[in-house]
Amino acid sequence: MESTVNELQFALDTFYFLICGAFVMWMAAGFTMLESGLVRAKNTTEILTKNVGLYAIACIMYMVCGYAIMYGGGTFLSGIMDPGVSEGFTYEAVSTYAPASDFFFQVVFVATAMSIVSGAVAERMKLWAFFAFTVVLTGFIYPLEGAWTWGGTAVFGMYNLADLGFSDFAGSGIVHMAGASAALAGVLLLGPRKGKYGPNGQVRAIPGANLPLATLGTFILWMGWFGFNGGSVLAAASVESANAVAIVFLNTNTAAAGGAVAALIVSRLMFGKADLTMLLNGALAGLVAITAEPSTPTPLAATLFGAIGGILVVFSIVALDKLRIDDPVGAISVHGTVGLLGLLLVPITNGGASFSGQIIGALTIFGWVFVASLIVWGILKAVIGIRVSEEQEYEGLDIAECGMEAYPEFEHAS
């Protein structure tokens with residue numbers, strides 16, 4: 001009887017893990033729609049190509065070497081070298097779910113981190129330079145950072161973040177701030193889009209081509225986040241884990257709502273209008289803010305945490321523009337600034353985490369990912385170049401990089 005119960009729990013937890021992974025995979029569609037809605041029509045096809053390509057590259061690189069670096073597991077290549085290794089995985093099976101389901105859940109997180117970079121460098125980066133960076137980030141930079149955090153490995157053999165009181169439940173820092181750190185490094189070397197800033201520092205708005213698409217992308221991301229945070233419970237087949245999953249879903253949803261409402265109010269007060277893009281980014285900011293610890297706050301606290309994120313993201317987007325850091329979709333603010341906030345909120349409700357541990361963890365993540373990314377971007381800039389020509393930027397990356405327009409009838413009609 002006990003064996004039957006254990007087998008049923010194994011099956012249910014594995015199924016839950018896989019479904020949550022599929023939800024997170026669907027976030028790739030959310031990022032794609034959000035970004036393609038917030039860029040100009042002439043750059044849409046290139047954005048679509050980048051997002052599908054980066055997801056595929058991330059899946060391959062994490063299988064080839066990323067997972068092994070992050071968790072000390074087997075790789076696809078080890079399976080080829082040793083046919084006795086089933087599916088290339090050499091680590092021991094976890095007692096409550098299938099090992100392959102763990103790999104699948106982890107790989108979609110890698111793709112999420114890279115998707116953050118895509119929006120920040122939009123409308124002026126070379127497609128193949130972006131793909132080259134994707135190979136390095138998903139295969140090496142992110143997995144090594146993940147080894148120090150979720151993997152439990154000491155940072156360069158010096159200190160273990162878990163021992164210092166660092167905690168990041170589903171990745172406000174490990175995934176979101178890491179992606180934003182890589183994006184910031186690229187944006188600094190890339191420079192702003194032509195015409196974004198005036199000679200006297202004035203900021204010129206460059207409206208996106210399809211706000212309904214951006215709104216759809218936000219709702220897809222909101223839905224996918226239930227898998228992102230809910231799946232990080234790692235189980236659902238017992239009373240305790242089922243209750244934990246329910247709380248995480250509830251807090252994730254209410255944090256997003258708090259962030260959306262707060263950003264909407266702040267944008268109305270600052271700009272005199274209800275800014276849809278700030279509303280969308282506010283919802284995403286609420287989701288990022290609660291990701292580091294969605295299991296211990298009360299629903300009201302989660303709403304307030306999300307609201308703080310929604311307020312912060314508006315000011316961060318405005319501040320980055322004043323610094324002439326051009327981020328077409330606000331990715332650095334949503335995932336970086338608010339990702340840091342999420343880490344710092346953890347000790348308020350989770351007694352196992354410390355503020356010092358969270359700060360050291362945040363500095364470790366940002367320091368490694370930013371510096372490593374800056375080096376890789378710098379090499380790419382020197383070897384193949386990372387920015388398209390001024391003429392290609394004016395013409396649009398759809399034609400320059402992909403040879404086709406996303407809206408040919410619309411373009412020709414105008």
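Visitor: Why are α7 and α9 described as roughly parallel to each other?

Guide: Helix α7 (residues 211–230) and helix α9 (residues 276–291) pack at an angle of about 10°. Angles under 35 degrees count as roughly parallel (over 145 is roughly antiparallel, 65 to 115 roughly perpendicular, the rest oblique), and therefore α7 and α9 get that label. Their axes, lines fitted to C-alpha atoms over the stretch in contact, are 10 Å apart. The angle itself runs from 0 to 180 degrees between N-to-C directions.

Visitor: What are we looking at, and how are residues counted?

Guide: This is a predicted model, where local features need pLDDT of at least 70, side-chain atom pairs count only at pLDDT 80 or more, and totals for chains, interfaces and linings use all residues. Residues are numbered from 1 along each chain as its sequence is written, and side-chain values use heavy atoms, with hydrogens and water left out.

Visitor: Which residues make the contact of α7 with α9?

Guide: On the α7 side they include Leu211, Trp222, Trp225 and Phe228, and they meet α9 residues including Leu276, Leu280, Leu284 and Ile290. Contact means heavy atoms within 4.5 Å. By class, the contact of α7 with α9 has 13 nonpolar, 5 polar and no charged residues. Nonpolar means Ala, Val, Leu, Ile, Met, Phe, Trp, Tyr, Cys and Pro; charged means Asp, Glu, Lys and Arg; the others, Gly among them, are polar.

Visitor: What makes the crossing of α4 and α6 right-handed?

Guide: A crossing is right-handed if the near helix is turned clockwise from the far one by less than a right angle, and left-handed if anticlockwise. The crossing of α4 and α6 is right-handed, so the near helix of that pair is turned clockwise. α4 and helix α6 (residues 172–190) pack at about 35°, with axes 8 Å apart. Phe109 and Ile116 are among the α4 residues there, with Val175 and Gly179 among those of α6. The contact of α4 with α6 has 10 nonpolar, 3 polar and no charged residues.

Visitor: How does α2 pass α5?

Guide: In a right-handed crossing too. Helix α2 (residues 44–71) and helix α5 (residues 127–148) pack at about 35°, their axes 8 Å apart. That contact divides into 17 nonpolar, 7 polar and 2 charged residues.

Visitor: How many cavities of 30 Å³ or more does the structure hold?

Guide: There are 3. Helix α1 gives the most to its lining, with 5 residues.

Visitor: What about the largest pocket?

Guide: Its volume is about 630 Å³. Of the 25 residues that line the largest pocket, Lys196, Thr277, Met278, Ile317 and Asp321 are closest to its centre. α10 gives the most, with 4 residues. The lining of the largest pocket divides into 13 nonpolar, 5 polar and 7 charged residues.

Methods. Helices (H or I, at least four residues) and strands (E, at least two) are DSSP runs, numbered from the N terminus. On a 1 Å grid over the protein atoms alone, a cavity is a set of points where a 1.4 Å probe fits but cannot get out, and a pocket is an open set with protein on both sides within 12 Å along at least five of seven lines; lining residues have an atom within 4 Å of a point. Grid points are joined across faces, edges and corners, and a volume is the space filled by probe spheres set on the points.
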